[in-house]
Amino acid sequence: MASAEARLDHLPHALLASIMTKLDIASICSLASTSSTFRSCAKHILSFLPNFHLLDIAPSSDLVTPLLPPNPYLTSLKVDCGRLDDSAIPFLVKPSLHELSLHNCSDFSGKLLSQIGNQCKALRSLYLGSVAEKRGRSIHISDLEELLSGCSQLEVLILMFDVSRFLRHNLARIWASASEKLTSLEIGYISSVTVIELFSSNLGSHQSLNPIQPSILPGIQKLCLSVNYITDAMVSTISKGLIFLTHLDLRDAPFVEPRITFDLTNAGLQQINQLGRLKHLSLIRSQEYIICYFRRVNDLGLLLMADKCANMESICLGGFCRVTDTGIKTILHSCSRLYKFKVTHGTQLTDLVFHDISATSLTLTHVSLRWCKLLTNHAVLSLTSNKELKVLDLRDCRSLGDEALRAVGILSRLKILLIDGSDITDAGLSYLRPTVINSLYALSLRGCKRLTDKCITVLFDGCGKLELRDLDLSNLPNLSDNGVLQLAKSRIPFFDLRMRQCPLIGDTSIMALASMMTDDAGWCESGLRLLDLYNCGGITPLAFRWLKKPYFPRLKWLGVTGSVNRDMVDALARSRPFLYVECNGEELGADPCDMSDGLYTHDYDEVDEFEQWLLEANTDDDEEMDDAENNEELVV
């Protein structure tokens with residue numbers, strides 16, 4: 001090691017700096033911890049590095065401040081701000097930035113928006129998540145005004161928080177000052193009435209040479225909104241007011257059943273895509289609060305819309321309970337360029353909807369049919385005529401069985417397969433072995449209650465090296481520690497493993513996973529990033545010894561039942577400050593289908609070394625964890 005370090009000392013500093021600039025921030029910091037040569041070089045390059053991306057952990061102000069020295073060349077900054085507040089604004093808001101992405105900003109106030117508007121005049125892309133959501137934090141409308149008027153070069157704006165908190169009578173005037181270059185807008189929540197007021201000033205202004213009011217966001221091509229109600233009036237205003245729109249994504253989650261004036265009907269659906277420019281359309285009614293559907297839309301609405309759908313490449317429809325096979329088939333036969341098709345809560349869809357899909361020119365790559373409970377194996381057999389399928393989401397299609405897996409078994413390009421709640425058996429999973437298991441990245445078998453420990457052997461015994469990184473075995477009443485032991489022996493380097501609500505899984509499973517090696521030489525320890533064991537019946541306080549460092553060195557998300565021992569859970573969270581511990585049953589991580597467009601290109605090892613570098617002197621919390629264990633033993 002000494003001779004190697006001596007050789008590095010003789011390399012030109014400029015050469016080392018040039019090499020290190022090709023790495024990400026986590027890798028640079030990991031490298032800096034190995035020698036004084038690299039440490040000096042890292043300190044130097046942080047002052048001229050163009051990109052600073054750190055989203056896999058949420059650093060504190062003390063940790064992130066030294067990593068963001070004055071740097072006139074910094075153009076892209078992405079940070080998880082879950083541990084930061086307004087005091088970090090001077091380090092995050094840089095005049096040189098073209099791209100700024102700040103996630104989990106709940107402890108920031110509206111000052112963040114105003115400072116970005118005042119300082120970041122060259123900004124092209126901005127993402128702000130959860131701003132001022134913590135109690136006591138607020139955003140004033142003047143903060144939004146300074147942001148929109150100050151960032152005159154913005155092309156992409158994503159505000160993932162509640163914009164409806166601003167008074168409506170001022171919003172139209174303020175949004176009129178936004179960058180004319182803005183082509184993409186996404187808002188976390190806004191009322192439908194506000195949307196109508198914002199874009200109604202555009203109606204007629206495209207033909208008028210001297211409009212009374214300036215057009216608002218006239219160049220928008222992509223619009224993604226979460227609203228209280230998707231209505232005819234809102235859809236009509238958007239369609240007529242944003243004439244360059246190619247991507248429309250609307251989602252609502254009503255608290256009460258909407259009246260006709262606050263709902264989408266066939267007439268409203270007919271207004272969509274009048275100019276025929278749309279390539280992506282998503283209309284989703286979520287059942288987050290109540291069971292609610294688009295009850296005023298039927299097949300006629302889709303027939304009227306289909307006339308303008310020839311250029312559509314992606315269609316997502318959720319909650320259209322009165323639409324039958326006729327309406328959906330019309331869409332499929334009208335959109336020859338369609339590659340992504342999603343229907344949720346299609347309560348009247350049957351196998352006939354895909355009966356003649358092989359006669360079309362469609363080349364579908366992404367198909368999601370969640371909560372379409374009338375579909376059977378025959379529908380899957382018809383779908384698999386699309387040999388290019390990469391994503392197949394059949395969650396909660398409860399009539400699917402082993403014959404559906406037989407049909408899926410020919411899809412050599414399949415990356416994501418989700419078949420939660422189906423009637424498959426251990427034997428049926430054998431159909432995935434010859435072809436599909438070798439290409440899969442994500443597999444979900446959640447709630448397939450006929451599966452037993454044998455399913456692990458059927459899938460993975462002797463299968464060799466796999467690409468599979470995301471596995472969901474939750475809610476399997478017959479899956480026990482024996483099955484998890486077999487899983488550990490397979491040495492598959494999972495990133496995400498979910499086994500929540502499995503009553504037979506206990507401490508032995510955690511010990512096996514903690515000890516799991518992922519290569520034959522025994523050098524690679526568990527690479528799990530996410531482990532969800534919420535409400536697994538056999539887990540006791542003993543298991544928490546195996547959740548401490550150095551076990552699971554890459555773990556970032558952990559789901560457990562807090563009632564096992566609250567003191568030990570809290571001590572674990574403190575001893576591993578970059579580990580998010582969820583005790584109340586909240587789902588962890590992202591939905592695999594939400595990540596399917598940018599399929600899994602991250603290399604996480606550098607981030608974990610970076611975390612180790614940050615925590616190398618952090619031993620006090622480990623002692624606290626040991627004290628919690630000792631107290632537990634005394635109680636026992």
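**Overall architecture and backbone features of the predicted model**

Of the 636 residues of the protein, 53% count as buried, a class defined as under 20% relative accessible area, with a 1.4 Å probe and protein chains only. The structure is a predicted model in which local features need pLDDT of at least 70 and side-chain atom pairs count only at pLDDT 80 or more, whereas totals for chains, interfaces and linings use all residues. Residues are numbered from 1 along each chain as its sequence is written, and side-chain values use heavy atoms, with hydrogens and water left out.

The secondary structure comprises 23 helices and 20 strands, assigned as DSSP runs (helices H or I, at least four residues; strands E, at least two) and numbered from the N terminus. Among contacts with a separation of 6 or more, 76% join residues 24 or more positions apart, a contact being heavy atoms within 4.5 Å. The protein exposes about 27,100 Å², of which carbon and sulfur atoms supply 52%, the areas coming from the Shrake-Rupley method with a 1.4 Å probe.

Several backbone features fall in loops. The peptide bond from Lys549 to Pro550 is cis, with omega near 10 degrees, and Pro550 is placed in the loop between β18 (530-532) and β19 (557-559). A positive phi in a residue other than glycine is found at Leu217, where the value is near 50 degrees; Leu217 lies in the loop between α10 (192-199) and β7 (222-227) and is buried, at a relative accessible area of 4%. His345, likewise not a glycine, has a positive phi near 55 degrees, is located in the loop between β11 (340-344) and β12 (366-370), and counts as buried at 12% relative accessibility.

Key: Buried < 20%, exposed > 50% of the residue type's maximum accessible area, 1.4 Å probe, protein only.
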